Amino acid sequence: MSRIGKLPISIPAGVTVAQDKDGVVTVKGPKGELSQKVDKSIIVKIEDGHVTFEVDENSPVNIKQKQAFHGLYRALVNNMVVGVSEGYKKELELVGVGYRVSNQGNIIEFALGYTHPIFIQLPQEVKVETKSERNQNPQIILECADKQLLGLICAKIRSFRKPEPYKGKGILFKGEVIRRKSGKSASAK
């Protein structure tokens, strides 16, 4: 049994959880609607305001895989419940001379020291806000109900300019600390 998989998920007020015959769990709430297909080796029980997950002992899948699925699907459904009730928020910061960001609706334009601007079109589920204040690094604030989608978008944005350890420039999460390296001159003696 998985330690994570054994924990029940409490359903907050205003959120409904349902499962159809194909094994798709659907979570609806004030922030949106999300769905996730659950493997046949995991039994989902929705009762008394809680969602519990159990391993089907009669399933032909091997025991290690069942235990892995047990914790995985519990975590995914929990992320969905939190997402549709509270939502997820990520803040990114652009550190570097001349780095700028602006948005028009769900299209973000970056100026990251390349010869050309970079544009990215975000899905409709993601809300974006950009801030550019004097004497502060430009910021991007992303909000979404889907944690997986939000993480994927943040990873894509960070890939445009990964944080580098020598000058500390790049696209960072707000509050992230980059371990700095000394350059060539520090090793010469």
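Predicted model: local features only at pLDDT ≥ 70, side-chain atom pairs only at ≥ 80, totals over all residues.
Me: Why is the pair of Phe 69 and Tyr 73 called tilted?
Reply: Planes under 30 degrees apart count as stacked, over 60 as edge-to-face and the rest as tilted. The planes of Phe 69 and Tyr 73 stand at 45 degrees, so the pair is tilted. Their ring centres are 5.5 Å apart.

Me: Where do Phe 69 and Tyr 73 lie, and are they buried or exposed?
Reply: Both lie in helix 2 (residues 63–85), four residues apart, about one turn of the helix. Helices are DSSP runs of H or I with at least four residues, strands are runs of E with at least two, and both are numbered from the N terminus. Phe 69 and Tyr 73 are both buried. Buried means under 20% relative accessible area, exposed over 50%, and partly exposed in between (1.4 Å probe, protein chains only).

Me: What makes Arg 161 a charge over the ring of Tyr 114?
Reply: NZ of Lys or CZ of Arg must be within 6 Å of the ring centre and within 35 degrees of the ring normal. The charged end of Arg 161 sits over the Tyr 114 ring, 4.2 Å from its centre. Lys 90 lies over the face of Phe 173, at 5.3 Å from the ring centre.

Me: Why is Gln 139 called buried?
Reply: Its relative accessible area is 10%, so Gln 139 is buried. Gln 139 belongs to strand 12 (residues 139–144). Beyond four places in sequence, Gln 139 touches several residues, including Leu 92, Val 101 and Glu 129. Contact means heavy atoms within 4.5 Å.

Me: Why is Glu 129 called partly exposed?
Reply: The relative accessible area of Glu 129 is 38%, so the residue counts as partly exposed. Glu 129 lies in strand 11 (residues 127–131). Leaving aside neighbours within four places in sequence, Glu 129 is in contact with Gln 139, Ile 140 and Ile 141. Glu 129 and Gln 139 are ten residues apart in sequence and 8.3 Å apart in space, C-alpha to C-alpha.

Me: How do you know that helix 3 has a span close to the expected one?
Reply: The expected span is 1.5 Å times one less than the number of residues. Helix 3 (residues 147–158) has twelve residues and reaches 16 Å from first C-alpha to last, close to the 16 Å expected. Among its buried residues are Leu 149, Ile 153 and Cys 154.

Me: Why is Asp 48 called exposed?
Reply: Asp 48 has a relative accessible area of 75%, so the residue is exposed. Asp 48 lies in the loop between strand 5 (42–47) and strand 6 (50–55). Its phi is positive, about 55 degrees, although Asp 48 is not a glycine. Most residues other than glycine have a negative phi.

Me: What makes Asn 135 count as exposed?
Reply: Asn 135 has 77% relative accessibility, so the residue counts as exposed. Asn 135 is placed in the loop between strand 11 and strand 12. Its phi is positive too, near 65 degrees.

Terms used
Residues numbered from 1 in each chain as written. Heavy atoms only, no water. Phe/Tyr/Trp six-rings, centres within 6.5 Å; stacked < 30°, edge-to-face > 60°.
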